[in-house]
Amino acid sequence: MKRTDRATSGSSEPKKAKEVSLISMKELCLPSEEPENEKRFDRSVDSISQLPQDILVFILSLLPLKEAARTSTLSHRWRCLWSYIPCLNFDAQEKLLDLQLTEKNLESEGRHYVKWVNRVIDSYRGSNLEALRIRFSLDSRFQYDVDKWVQFAIQWNLKMFELNLSDSYDSGKYSPCSFPQLSGGPMEHFPRAMFSNSSSLTSLKLIAVNVGGEALECFLTNCPLLDVLCVKYSHCLVSLRVIGASLKLRQLEVCMCNYLESLEISAPNIESFKYVGPWLSMPLKHTPKLLETYFGSEFGVEIIDNFFLLSSYSSQLQKLVLDLEVDFMEDKGFRKWPTLANLKELELIVIAEGHCSLIGFTSLIKASPCLLKFTLKLDYLDMFEQRALRKVRKFPHQHIKVVELAGFVGKPIDLELVQYFYKNAVALEEIVFDTRKPKYMGTIFEKKQNAETLEGRECANNLRSDLFSGVKVTII
């Protein structure tokens, strides 16, 4: 019998045509109430677009901002939906890393970036903006636009506001933009009353922006939920008082504000404090919950000689970072450290020349009996200077499990530490030899190889087979 005859004979059932359907998010998410053989999907129906607006806006909020905006071309329903998303993230860090860092390119891209931000802000229709992040390298030539963005931010009851105008290396600007002043000066157009809209703010980051202590203290006073405060590269920050029994602040960072003369901190909930800058009298007055500290630049070097000023916190600190971005003497670190009974992580960030030694800091490791992890981030200078390895003392450490050596070059300055951990870290489980330069990590130069990195890698391979046969060894 021919195929056409079989289709018309005896059977009373109509032919079931094959159907190809596009399964929408709605069908994927919701259980079916119909038997499978009775389902019929109409391909002309856009099921996703039938979802409530709140759900569509939520979906768009999961996309990068530019991709969310592109959905406006899908249909009339989608035309303005993106302008209601509760988080505006203008983070162009990847663009900065891709740029060849010339003044001409930065200025041109900066103008494109400013137009993009202004266009989105002018089009915004939402009623509940929660987060605003600005991230691109801009200087005082764009002051008018920055003022506009700040005023836009303060109009909303934001939970998170970040204004980061630093370059691709997270460095400051020669001529930075300024945060609007509250009193005095030509920028006096920022009334204190505007802070009444900041009651929900939990995170504030102002980087490569000139902001004074008065504005920061106003945020602290008017933002009862503020949890994170970060200010970096402000040329006009001279004095800052972070004081208040009711402050919820847990994390405070004040970095590279080189004209700072006075910093006073009395906040009962602070757990993490990072300060990189000029030497000051000890800023920590009352921080009973402090667990993590990061000290750098001039203060980082001086605190080594004045560590007794932290003696009241020695029993509670769990993480300590020392950022020593200066040349220092060979015996730096050799001293009587207070016992850091609960310290779990120790990190050294150093720029050092060939004649320097970090072996003195083994006395700090010895003073941390519960230490679990040690990290060194080394930028090494004078590659051609050689010296003999110094002997390290034997003092078994019972708890160190992980050692990370970033910027590893296989020279005496880091080999002495390798020797120390080989002799003393009896519980060592993993050691990481990372030959990348720490200052390039996160930039387009991160994976750049030269004779220095190749030498470091060869040395690490030799150490793996000679010293650390029973330990997990990672070489990067």
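User: Which exposed residues does the face of α12 turned away from its buried side carry?
Analyst: In this predicted model, helix α12 spans residues 451–466. Its buried residues are Glu452, Thr453, Gly456, Cys459, Ala460 and Leu463. They cover an arc of only 125° around the axis, so they sit on the same side of α12. The face turned away from that buried side carries Ala451, Glu458 and Ser465.

User: What covers the buried residues of α12?
Analyst: The buried residues of α12 include Thr453 and Leu463. Their cover includes one helix and two strands, namely α11 (412–424), β18 (430–434) and β19 (472–475).

User: How far does α12 reach from its first C-alpha to its last?
Analyst: Helix α12 has 16 residues. At 1.5 Å a residue the expected span is 22 Å, and the model comes close to that. The reach from first to last C-alpha is 23 Å.

User: Is Lys411 buried or exposed?
Analyst: Lys411 lies in the loop between β17 (402–406) and α11. Buried means a relative accessible area under 20%. Lys411 has 9%, and therefore counts as buried.

User: Which residue's side chain is joined to that of Lys411 by a polar contact?
Analyst: Lys411 belongs to a loop, and its side chain takes part in a polar contact of 3.3 Å. The partner side chain is that of Glu455.

User: How many disulfides does the count come to?
Analyst: A disulfide is a covalent bond between the sulfur atoms of two cysteines. The cut-off applied to a pair of cysteine sulfur atoms is 2.5 Å. By this rule the count is zero.

User: Is Cys459 buried or exposed?
Analyst: Cys459 is listed with the buried residues of α12. Cys87, at 35% relative accessibility, counts as partly exposed. Cys459 has a relative accessibility of 17%, so it counts as buried.

User: Where is Ser297, a residue other than glycine with a positive phi?
Analyst: Most residues other than glycine have a negative phi. Phi of Ser297 is near 60°. The residue is placed in helix α9 (residues 297–305).

User: What is the phi of Tyr233?
Analyst: Tyr233 is in the loop between β7 (228–232) and β8 (239–243). The residue is not a glycine, yet its phi is positive, at about 55°.

User: What percentage of the residues in the protein is buried?
Analyst: The protein has 12 helices and 19 strands. Of its contacts with a separation of 6 or more, 69% are between residues 24 or more positions apart. Among the 476 residues, the buried share is 47%.

Methods. Residues numbered from 1 in each chain as written. Predicted model: local features only at pLDDT ≥ 70, side-chain atom pairs only at ≥ 80, totals over all residues. Heavy atoms only, no water. Helix = DSSP H or I, 4+ residues; strand = E, 2+ residues; numbered from the N terminus. Expected span 1.5 Å × (residues − 1). Buried < 20%, exposed > 50% of the residue type's maximum accessible area, 1.4 Å probe, protein only. Arc of directions from axis to C-beta. Contact = heavy atoms within 4.5 Å. Polar contact = N/O pair within 3.5 Å; in protein donor to acceptor, adjacent residues only side chain to side chain.
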